[in-house]
Amino acid sequence: MDEKGFIKDDKILSRFILIISLLLIIFYFYATWDFPIDDAYISFRYARNFAEGNGLVYNIGERVEGYSNFFWVILNGVAIYFGANPLYFSTIFSAILYVMLLVVFWKALWKNLEELSPGNTQENIPRYIALFGIFLLAVDMRFFIFISSGLETQCFITLFFISLFWNWITTERWSYVWFISLALLCFVRADGFIYAGIIILAQFINLLTNKKPLKKLIINTGILLIILSLYSLWRWLYYHDILPNTYYAKTSIINYEQEVFGIAYTLKFLSSISIFV
């Protein structure tokens, strides 16, 4: 090991991690390739009506926002318009997004390792550490279940990490269009604005702590707020509400048992991903 505690000759270890990761990815893709989830067909029906010119409706003539994934519906609607099967399209597109997620993690880890490595040269970067991040993604079968589910989950995950690692995976000239990734994050799920807000807050604290200018953050946040305001206005004009019907369906009855179940579910989820923390 060197003075930083890294293994000097990491080629064998790096190749081993990469091969195991690729084998796991291939196996999981094969095992979960045909695993559609029924909720996806709600979005597909909205997408089909949209593609056929009937509007963003579930039943023709009834304007009810029964979906919570605007961008995903539009995306599948475009695919249907050009003759694609929405389930096949969403599966292939989600698989591409999963690969993008691997690249995002690789670039983000590599960027951090450049700062840790002696001399900041690529020759000194311990590749096996960055590849281990890829391995952690490869061992979690849930990614692959959602890839073939027809749902927007993989799209949301990828957009979340693209938004979170934006400054690490892009160059300086892309810093003023960060709002695009954040906006898509908000459009792909109804609760995306919460995650976008957390990312913006984290970036604000980071810039403030390191005494860096806030100009780009303010510009991106301002543009994002304008986009979301226009989107909310459209929802009000089209559906006569700014919240999807799914929100009311899931919050119309709130009681103590549901809150306890929600907390227990969250704790169970966190314990299941403790390896990633």
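These are my notebook entries on a predicted model of one protein chain.

**Ground rules**

I worked from a predicted model, where local features need pLDDT of at least 70 and side-chain atom pairs count only at pLDDT 80 or more, while totals for chains, interfaces and linings use all residues. Residues are numbered from 1 along each chain as its sequence is written, and side-chain values use heavy atoms, with hydrogens and water left out.

**Entry 1: the overall chain**

I looked up the helices and strands first, taken as DSSP runs numbered from the N terminus (helices: H or I, at least four residues; strands: E, at least two). The chain has 13 helices and zero strands.

Next I looked up burial (buried: under 20% relative accessible area; exposed: over 50%; partly exposed: in between; 1.4 Å probe, protein chains only). The chain has 277 residues, and 39% of them count as buried.

I then checked contacts, meaning heavy atoms within 4.5 Å. Of the contacts with a separation of 6 or more, 69% are between residues 24 or more positions apart.

The accessible surface came last (Shrake-Rupley method, 1.4 Å probe; for residues, only the protein chains shown count as cover). I noted about 16,700 Å² for the chain, with 68% belonging to carbon and sulfur atoms.

**Entry 2: a covered helix**

I picked helix α9, residues 178-188, where nine of the 11 residues are buried. Among them are W178, F179, L185 and F187. What do the buried residues of α9 pack against? I found α3 (70-81), α7 (153-164), α8 (166-169), α10 (192-209) and α11.

Q203 counts as buried because its relative accessibility is 16%. Apart from neighbours within four places in sequence, Q203 is in contact with N167, W178 and L217.

**Entry 3: aromatic rings**

I counted rings of Phe, Tyr and Trp (its six-membered ring) as pairs if their centres lie within 6.5 Å; planes under 30 degrees apart count as stacked, over 60 as edge-to-face and the rest as tilted. By this rule there are 24 aromatic pairs. F89 and F93 are a stacked pair, 5.6 Å centre to centre with 15° between the planes. They are four residues apart in helix α4 (residues 86-116), so about one helical turn separates them. I noted the general point that an α-helix has 3.6 residues a turn, so residues three or four places apart point the same way. F89 is partly exposed at 22% relative accessibility, and F93 is partly exposed at 23%.

W234 and Y238 are stacked too, because their ring centres are 5.2 Å apart and their planes are at 15°. This pair is four residues apart in helix α11, about one helical turn. W234 is partly exposed at 28%, whereas Y238 is buried at 14%. Both belong to one aromatic cluster, which also includes Y46, Y58 and F187.

I also looked for charges over rings (NZ of Lys or CZ of Arg within 6 Å of the ring centre and within 35 degrees of the ring normal). R63 lies over the face of Y238, 3.9 Å from the ring centre. R189 lies over the face of F156, at 5.5 Å.

**Entry 4: salt bridges**

How many salt bridges does the structure hold? I found four (a side-chain nitrogen of Lys or Arg within 4 Å of a carboxyl oxygen of Asp or Glu).

E65 and R235 form one, with the closest N and O atoms 3.1 Å apart. E65 lies in the loop between α2 (40-51) and α3 and R235 in helix α11, so the pair ties together parts 170 residues apart in sequence. Are E65 and R235 buried or exposed? Both are buried.

E152 and R189 form another, also with the closest N and O atoms 3.1 Å apart. E152 is in the loop between α6 (142-147) and α7, and R189 is in the loop between α9 and α10, 37 residues apart. E152 is buried at 6%, but R189 is partly exposed at 28%.

**Entry 5: a nonpolar patch**

One nonpolar patch has about 910 Å² of accessible area together, and its residues include I226, W236 and Y248. Helices α11 (215-239) and α12 (245-251) each give two or more residues, and α11 gives the most, with five. Y248 sits in α12 and is partly exposed at 35%.

Conventions
Patches are made of residues with over 30% relative accessible area and no salt bridge: like charges are joined within 9 Å, nonpolar side chains (Val, Leu, Ile, Met, Phe, Trp, Tyr) within 5 Å.
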